[in-house]
Amino acid sequence: MIVIGAKGHAKDVLVVLNETLKTQSNLIFFDDYTKPEEAFFLEKYPIIHHFNKIDFSKQPEFASAIGDPKIRRTIVEKFIKLGAIYKSIISKHAIIGNLNVNIREGCNIMPNVFISNNVTIGSGCLINTGAQIHHDVIVGEYCDVSPGAKILGGANIGKNCNIGSGAIILPNIILGDNVTVGAGAVVIQNCLTENTIIGVPGKIKNI
């Protein structure tokens with residue numbers, strides 16, 4: 001498998017890969033941001049720095065280990081156009097319901113995550129360590145739900161949203177696309193346009 005990204009989040013993803021893959025000998029990392037002289041990730045796994053060095057006939061599957069959702073989407077779309085198959089990485093230590101749960105392609109579901117029943121998580125999402133996604137929640141594609149964040153029942157999160165560490169989205173709240181929720185914020189009302197919400201109770205930040 002090819003893993004895109006060889007920076008900080010990749011170290012966390014590697015923990016999950018070590019628990020889910022039978023062998024790590026075929027892992028290859030792709031990162032066109034690293035210096036060419038950086039030939040190995042963590043002094044063990046080879047790094048490819050250019051798209052034209054990838055042989056998708058031998059390595060058709062890839063997963064994401066990029067923390068920034070905008071960069072993640074850009075590189076993923078390039079890989080898909082080249083015919084690669086986008087895979088999710090899901091920790092064995094996540095608790096995931098078994099009724100009407102739809103986790104779409106390319107997600108990172110990290111350890112100690114809780115995902116209830118009747119939940120949809122869009123493609124390319126990062127649900128980070130200890131986050132909670134409760135019943136009847138929809139999370140749009142390429143969202144980041146940071147460690148310890150809680151999205152409570154019936155909430156609807158748009159595309160490209162970033163939910164900060166320890167934030168709480170109260171039941172049935174609707175967030176539009178490109179909304180950022182600050183660390184520790186408690187969102188008590190809908191926010192349908194691109195904004196940043198901070199504080200307790202959550203308020204739109206004046207920029």
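Predicted model: local features only at pLDDT ≥ 70, side-chain atom pairs only at ≥ 80, totals over all residues.

Tutor: Pro201 has its place in the loop between E24 and E25, where strands (E, at least two residues) are DSSP runs numbered from the N terminus, as are helices (H or I, at least four residues). Residues are numbered from 1 along each chain as its sequence is written, and side-chain values use heavy atoms, with hydrogens and water left out.

Student: What makes the peptide bond between Val200 and Pro201 stand out?

Tutor: The bond that joins Val200 and Pro201 is cis, with omega about -5 degrees. Most peptide bonds are trans, and most residues other than glycine have a negative phi.

Student: Which value of phi does Asn118 have, and why is Asn118 called partly exposed?

Tutor: Phi of Asn118 is near 55 degrees, a positive value in a residue other than glycine, and Asn118 lies in the loop between strand E11 (114-115) and strand E12 (119-121). Buried means under 20% relative accessible area and exposed over 50%, with partly exposed in between (1.4 Å probe, protein chains only); Asn118 has 38%, and is therefore partly exposed.

Student: Why is Asn178 also given the term partly exposed?

Tutor: The relative accessible area of Asn178 is 31%, so this residue is partly exposed. Asn178 sits in the loop between strand E21 (174-175) and E22, and its phi is near 65 degrees, again a positive value in a residue other than glycine.

Student: How do you know that E22 and E24 pair?

Tutor: Two strands pair if DSSP finds at least two bridges between them; strand E22 (residues 180-181) and strand E24 (residues 196-198) have 2 bridges, in the parallel sense, and Thr180 stands opposite Thr196 in E24.

Student: Why is the pair of Phe29 and Phe41 called tilted?

Tutor: Rings of Phe, Tyr and Trp (its six-membered ring) pair if their centres lie within 6.5 Å, and planes under 30 degrees apart count as stacked, over 60 as edge-to-face and the rest as tilted. The centres of Phe29 and Phe41 are 4.5 Å apart and their planes at 45 degrees, so the pair is tilted.

Student: What makes the pair of Phe29 and Tyr45 tilted?

Tutor: With centres 5.7 Å apart and planes at 55 degrees, the rings of Phe29 and Tyr45 are therefore a tilted pair. Both Phe29 and Tyr45 are buried.
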